[in-house]
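Subject: Structure handover

Hello,

Here is the structure for your files. My notes on it follow below.

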Amino acid sequence: MDELDDVLRAVGPRLRAIRRQRGVTLADLAASTGISESTLSRLESGQRRANLELLLPLARAHGVPLDELVGAPDTGDPRVHMRPLRRGNRTIIPLTRRAGGLQAYKMIIPGTRGHVEPELRVHEGYEWLYVLDGTLRLLLGDQDLVLKPGEAAEFDTHVPHFFDAAGAGPVELLTLFGQQGERAHVRARTK
């Protein structure tokens, strides 16, 4: 039982460290989880014992597996098992698990079938796209661009934009998105 007590005592400081690392306040975390600030504070200070009812919404809010919150021992398996999401006809695979900051995704968009009426969107943030396979049509403001494998684009998402497969074949791309306008910095090698 000493081992279990040690694990439970370490949960509070771990929760506090994860929250602070992500720059989230207790008030923000309370709003996103439905757990009161006082309960979160007591949990982080060790005055309240962790249970699944509290840990599951916290893991979801922080975008981390439950194992990370409780300090489960490493399994030795370095693979990351991300679950693909479906958004309309697109398959989106999250490549990052942390909340806030830059988010990375692999996206697969099936080829177009006939005419697709573009819906240009605007929102907060900054986006970076890199085409892995296929061709991507990117409408960005007044520009209508086609990106091929190995090409990248980055843009402020306040500019009206839309992207889709450029033809009958699917397109695979990597995308980095920063809600707060973070930009990707790519450096070219110098000889």
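Which backbone atom lies 3.2 Å from a polar atom of the side chain of threonine 33? The backbone nitrogen of isoleucine 35 does. Please keep in mind throughout that this is a predicted model.

Helix α2 and threonine 33

Threonine 33 sits in helix α2, which covers residues 26-33. Its side chain also has a polar atom 2.8 Å from the backbone oxygen of leucine 29. The side chain of threonine 33 therefore has polar contacts with the backbone of leucine 29 and of isoleucine 35, as both distances are within the 3.5 Å cut-off.

Threonine 33 has a relative accessibility of 16%, so it counts as buried, the limit being under 20%. Leu29 and Ala30 of α2 are buried as well. Viewed down the axis of α2, the buried residues fall within an arc of 100 degrees, and they therefore line one face of the helix. Ala31 and Ser32, on the other side of α2, are exposed.

The aromatic pair

There is one aromatic pair in the structure, formed by tryptophan 128 and tyrosine 130. Two values describe such a pair, the distance of the centres and the angle of the planes. Here the centres are 6.0 Å apart and the planes 10 degrees apart. The pair counts as stacked because the angle is under 30 degrees.

Which of them provides the largest share? That is β8, with four residues. By residue class, the lining of the second largest pocket holds nine nonpolar, six polar and eight charged residues.

Regards

Note on methods:
Residues are numbered from 1 along each chain as its sequence is written. This is a predicted model: local features need pLDDT of at least 70, side-chain atom pairs count only at pLDDT 80 or more; totals for chains, interfaces and linings use all residues. Side-chain values use heavy atoms; hydrogens and water are left out. Buried means under 20% relative accessible area, exposed over 50%, partly exposed in between (1.4 Å probe, protein chains only). Helices (H or I, at least four residues) and strands (E, at least two) are DSSP runs, numbered from the N terminus. The arc is that of the directions from the helix axis to the C-beta atoms. Rings of Phe, Tyr and Trp (its six-membered ring) pair if their centres lie within 6.5 Å; planes under 30 degrees apart count as stacked, over 60 as edge-to-face and the rest as tilted. Ala, Val, Leu, Ile, Met, Phe, Trp, Tyr, Cys and Pro count as nonpolar, Asp, Glu, Lys and Arg as charged, and the others, Gly among them, as polar. A polar contact is a pair of N or O atoms within 3.5 Å; within protein, one must be able to donate a hydrogen and the other to accept it, and residues adjacent in sequence count only if both atoms are side-chain atoms.
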